[in-house]
Amino acid sequence: MQSTSEPLSDDATLRFYADTAEHYSQLSRGQLSADLGAFLARLSPKDRILELGCGAGYEAQAMIKAGFTVNPTDGSPEMAERAQRLLNLPVA
């Protein structure tokens, strides 16, 4: 459990994504995790997925196209904005 004196976010990581969000989102375009298919195969059709750290939203998009309901989230507002534009749905 995290103590209350420790930060709840990593400022260096958030700065990295803020500074490189456009470049990073282009790098990850079309790059799906090798484990995504195996993960989805273990779920039932129409299951809901909470995606923590969705980045630019490409894997969320693939999960939605596969018929799942996805709640995408990302700690970087810049990456969440890109995912929101791609997915046309709110990204927390």
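## What "buried" means

A residue is called buried when its relative accessible area is under 20%, exposed when it is over 50%, and partly exposed in between (1.4 Å probe, protein chains only). By that rule, Arg82 counts as buried because its relative accessibility is 18%.

This is a predicted model, in which local features need pLDDT of at least 70, side-chain atom pairs count only at pLDDT 80 or more, and totals for chains, interfaces and linings use all residues. Residues are numbered from 1 along each chain as its sequence is written, and side-chain values use heavy atoms, with hydrogens and water left out.

## The overall layout

Let's step back to the whole chain. The protein has four helices and two strands, where helices (H or I, at least four residues) and strands (E, at least two) are DSSP runs numbered from the N terminus. Along the sequence, their order is α-α-β-α-β-α.

Of the 92 residues in the protein, 29% are buried. The accessible surface is about 6400 Å², and carbon and sulfur atoms account for 54% of it; such areas come from the Shrake-Rupley method with a 1.4 Å probe, and for residues, only the protein chains shown count as cover.

## The nonpolar core

Which residues make up the largest nonpolar core? There are twelve: Leu36, Leu40, Ile49, Cys54, Ala60, Met63, Phe68, Val70, Ala80, Ala83, Leu87 and Val91. Helices α2 (36-41), α3 (58-65) and α4 are the elements that each give two or more residues to this core, and α4 gives the most, with three. A nonpolar core is a set of buried Ala, Val, Leu, Ile, Met, Phe, Trp, Tyr and Cys residues joined through side-chain atoms within 4.5 Å.

In soluble globular proteins, nonpolar side chains tend to be buried together. Take Ile49 as an example: beyond its neighbours within four places in sequence, Ile49 is in contact (heavy atoms within 4.5 Å) with several residues, including Leu40, Met63, Phe68 and Val70.

## A look along helix α4

Arg82 sits in helix α4, which covers residues 77-87. Apart from neighbours within four places in sequence, Arg82 is in contact with Ala21, Glu22, Ser25 and Ala56.

How many salt bridges does a search of the whole structure find? The search finds one, a salt bridge being a side-chain nitrogen of Lys or Arg within 4 Å of a carboxyl oxygen of Asp or Glu. Glu81 and Arg85 form a salt bridge through their side chains (3.0 Å, N to O). These two are about one helical turn apart, because they are four residues apart in helix α4. Glu81 is partly exposed at 44% relative accessible area, whereas Arg85 is exposed at 54%.
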